[in-house]
Amino acid sequence: MNARLHAFLDASPWAMHITPAQMDSVRHAATVRRFTAGSTICLRGSPAMHWMGVIDGMLKVDTIALDGRSTTFAGVPAGAWFGEGAALKGEPRPYAVVSISDCIVAFMPRDTFLMLIDESRGFSRWVIDQLNARLGHYVALVESFRLQDVTTRVAYCLAELFNPQLYPSTSRQLVISQEELARLCGLSRQNVNRELHKLADLGLLRIRYGSIEVMQLEGLQQFARGAAVV
């Protein structure tokens, strides 16, 4: 397992911005854990003691209201690092992290993360770009929710799982249920099912049991921007 963790760390997009000595510190401090589908990785309100990366599988960042309704803020596919905002602030996490599928997760201690922030200008800039990309994502998400039709909203939520800054290694075969996608889109499962079939009829994706295969990523991204698919 440690060999896989080290390979994941070496392949992470921020690795090029730190020195070999700093990477040795990261390898020494980082840990890895396996989780089965449906497992809670972090509880809402738990201390932000780690920055996390998804080695394999897919997670969701969500919350549950007092009346029992749940909403998903983001899906986190393999290859992505997340939670830098909470790690920077050192405050209790305002969300829960739950595994959508069986997954392997890397944990970098907050102290190590802050050491890289303090000592590596390149790493700090990468984190700023990461935070800026998240801000841009949520601004565009609000715009999509308020101004676009539901088909475009579903296309946007799917296309953003391939955001090159946030999720650089997403597989075209997304292991995500329509129920989970509905929470991500803020729609009912029935509405998402209908809109997915519209996108499938355009040849942009293929609906499979328990997963969605993106057939034309560029076309899906184009549709998500509100442009006609050629």
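Analyst: The answer below takes the cavity first, then the pockets, the sheets and the helix contacts.

The model is predicted, so local features need pLDDT of at least 70 and side-chain atom pairs count only at pLDDT 80 or more, while totals for chains, interfaces and linings use all residues. Residues are numbered from 1 along each chain as its sequence is written, and side-chain values use heavy atoms, with hydrogens and water left out.

On a 1 Å grid over the protein atoms alone, a cavity is a set of points where a 1.4 Å probe fits but cannot get out; a pocket is an open set with protein on both sides within 12 Å along at least five of seven lines, and lining residues have an atom within 4 Å of a point. Points are joined across faces, edges and corners, and a volume is the space filled by probe spheres set on them. The largest cavity holds about 80 Å³. Its lining consists of Phe73, Ala74, Gly75, His137, Leu141, Cys157, Glu160, Leu161, Leu166, Tyr167 and Leu184. Strand E5 (70-77) and helix H5 (121-147) each contribute at least two of the lining residues; helices (H or I, at least four residues) and strands (E, at least two) are DSSP runs, numbered from the N terminus. E5 has the largest share of this lining, with three residues. By class, eight lining residues are nonpolar, two polar and one charged, where Ala, Val, Leu, Ile, Met, Phe, Trp, Tyr, Cys and Pro count as nonpolar, Asp, Glu, Lys and Arg as charged, and the others, Gly among them, as polar.

The largest pocket has a volume of about 410 Å³. Of its 20 lining residues, Val61, Phe73, Tyr95, Arg134 and Tyr138 lie nearest the centre. The elements giving two or more residues to this lining are E5, helix H3 (84-89) and H5. The lining of the largest pocket comprises 13 nonpolar, three polar and four charged residues.

The second largest pocket has a volume of about 230 Å³. It is lined by 14 residues, and those nearest its centre are Ala140, Tyr156, Glu160, Ala224 and Arg225. H5, H6 and helix H9 (217-224) each supply at least two residues here, and H5 gives the most, with three. By class, this lining has six nonpolar, five polar and three charged residues.

E5, which lines the cavity, also belongs to an open sheet of four strands in the order E2-E7-E4-E5, with antiparallel pairing. Two strands pair if DSSP finds at least two bridges between them. Strand E2 (40-42) and E5 are the edges of this sheet, each with a single partner strand, so one side of each is left without a neighbour in the sheet. Neighbouring strands are turned by 30° against each other on average, direction ignored. E2 is joined to strand E7 (residues 96-99) by two bridges, running antiparallel, and Cys42 has Val97 in E7 as its bridge partner. Helix H7 (residues 178-185) packs on this sheet, touching strand E4 (58-64) and E5, and its direction makes about 110° with that of E5.

H7 also packs against H8, at an angle of about 100° and with the axes 8 Å apart; axes are lines fitted to C-alpha atoms, for helices over the stretch in contact, and angles run from 0 to 180 degrees between N-to-C directions. H7 is therefore roughly perpendicular to H8, given that angles of 65 to 115 degrees count as roughly perpendicular, under 35 as roughly parallel, over 145 as roughly antiparallel and the rest as oblique. Gln178, Glu179, Leu181 and Ala182 in H7 meet Arg189, Val192, Asn193 and Leu196 in H8, contact meaning heavy atoms within 4.5 Å. This contact has four nonpolar, two polar and two charged residues.

Helix H8 (residues 189-201) has a further contact, with helix H6 (residues 150-159): their axes come within 9 Å and cross at roughly 80°. H6 is accordingly roughly perpendicular to H8. Val150, Thr151, Val154, Ala155 and Leu158 in H6 meet Val192, Glu195, Leu196, Lys198 and Leu199 in H8. Seven nonpolar, one polar and two charged residues make up this contact.
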